[in-house]
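Dear colleague,

Please find below the structure that I am passing on to you. A description of its main features follows it.

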Amino acid sequence: MKQVILKRRSIRSFKKKELTLEDQASIKKLLKQFEQLKGPFGNTVRLYLLNLNEEKGPESKLVGLYGYIKNAPAFIAGSTKNTFEGLVDYGYVFQAVLLELTKRGFGTVWLGGDFTRSDLKSFARKGDVVPSVSPVGYPAKLSWREKFLRSRQEAHTREPFSSKFFNGNFDTPIRDDQAQKHPFYDYLELVRLAPSALNKQPWRVIVDGQKLHLYLRRTPDFKHKDLDVEMLNMGVAMQHLEVGLNEDKRRFKVSRFDDAPKNKAYDYIATYELDA
Ligand SMILES: Cc1cc2nc3c(=O)[nH]c(=O)nc-3n(C[C@H](O)[C@H](O)[C@H](O)COP(=O)(O)O)c2cc1C
């Protein structure tokens, strides 16, 4: 999965092609499997494949909403509790699904805004919200124009290591010229490559011995409406971090520490404690 993370990009243009019945079946099976996956705070997520051919279903409301999503044959969506823990766990599980779909050659992109959540509530678990959807289909080859726009927007570029990751406290960034020598470089790099809403890259990590304290740097004026979209980013980052830890067979536990460093500018999320 590390390799999948290194190569993944948001895909917004698809081939004009329906999902084959075989692919629909394999995606449905995959979603069933990922409904068993628990996030770091112990919640599961309900997952759905939305078939855009069903004109009167809730999914028909998605059609046309995203003008910049081209030819998506289907969408996936999920539902969770609208709580801090529910949203972090949602980010974690939904990203696990998107990585697996990417590995199998499908294109996906997180869509956390621009749709009316209540339109999709009918199929969600009672009391749950639908924090995001993603198209799923066969990626189109980028036209030269899209390539040009993409390079201008630099949609997938990432800010330097030193602006995200720290040793001991927020006053001691891990210097970019030292980053690769850091014992946790590989894991932090996977966090840095995580997708995030508006590409704000709001995750911060303080490394303290074998502990990694995770924080959210909120973006002023981020438009939330009825749900804390920024919190989803933290679950996404935790999914990426755990891909690295699991591939290296590192044992760890996740908890919230009362004595984790505090800072007004950052919301404390959780701590990963690694076995030495
Ligand atoms: C929680 C979340 C919400 C997002 N919402 C949208 C969205 O509404 N529309 C969109 O085009 N991209 C959305 N994205 C995708 C990001 O814009 C994208 O991941 C980021 O620009 C980095 O590019 P990359 O995924 O190609 O690395 C979202 C990503 C996340 C994690």
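Which pattern does the protein follow when read along the sequence? The pattern is α-α-β-β-α-β-α-β-α-β-β-α-β-β. Please note that the model is a predicted one. Its secondary structure comes to six helices and eight strands. Of the 276 residues in the protein, 37% are buried. Among the contacts with a separation of 6 or more, 73% are between residues 24 or more positions apart.

The sheet

Five of the strands form an open sheet, with mixed pairing, in the order β4-β5-β6-β8-β7. At the edges are β4 (165–167) and β7 (252–255), each of which pairs on one side only. From one strand to the next, the twist averages 20 degrees.

Strands β5 and β6 run antiparallel and are joined by six bridges. Within this pair, Val207 stands opposite Leu212 in β6. The hairpin of β5 and β6 has two residues between the strands, and Gly209 there takes a positive phi near 65 degrees.

Strand β6 also pairs with β8, in the antiparallel sense and over seven bridges. Here Tyr215 is found opposite Tyr268 in β8. Strand β8 (residues 266–274) is in turn joined to β7 by four bridges, and these two strands run antiparallel. Lys253 has Glu273 in β8 as its bridge partner.

Which helix packs on the sheet? It is helix α6 (residues 229–247), which touches β5 (203–208), β6 (211–217), β7 and β8. The direction of α6 makes about 155 degrees with that of β6.

Helices α5 and α6

Two packed helices are described by the angle between their axes and the distance between the axes. For helix α5 (residues 185–192) and α6, the axes come within 8 Å and cross at roughly 150 degrees. Angles over 145 degrees count as roughly antiparallel, and α5 and α6 are therefore roughly antiparallel to each other. The crossing in which α5 passes α6 is right-handed.

Which residues of α5 meet α6? They are Asp186, Tyr187, Leu190 and Val191, and on the side of α6 they meet Ala237, His240, Leu241, Val243, Gly244 and Leu245. By class, this contact of α5 with α6 has seven nonpolar, two polar and one charged residues.

Helices α2 and α3

A further helix pair is formed by α2 (residues 21–34) and α3 (residues 84–103), whose axes come within 10 Å and cross at roughly 145 degrees. The crossing of α2 and α3 is right-handed. Leu30, Leu31 and Phe34 of α2 make the contact with Val93, Ala96, Val97 and Glu100 of α3. The residues of this contact divide into six nonpolar, no polar and one charged.

With kind regards

Methods
Residues are numbered from 1 along each chain as its sequence is written. This is a predicted model: local features need pLDDT of at least 70, side-chain atom pairs count only at pLDDT 80 or more; totals for chains, interfaces and linings use all residues. Two strands pair if DSSP finds at least two bridges between them. Axes are lines fitted to C-alpha atoms, for helices over the stretch in contact, and angles run from 0 to 180 degrees between N-to-C directions. Two residues are in contact if their C-beta atoms, placed from the backbone, lie within 7 Å. Angles under 35 degrees count as roughly parallel, over 145 as roughly antiparallel, 65 to 115 as roughly perpendicular and the rest as oblique. A crossing is left-handed if the near helix is turned anticlockwise from the far one by less than a right angle, and right-handed if clockwise. Ala, Val, Leu, Ile, Met, Phe, Trp, Tyr, Cys and Pro count as nonpolar, Asp, Glu, Lys and Arg as charged, and the others, Gly among them, as polar. A residue is buried if 20 or more other C-beta atoms lie within 10 Å of its own, exposed if 12 or fewer, and partly exposed in between; C-beta atoms are placed from the backbone.
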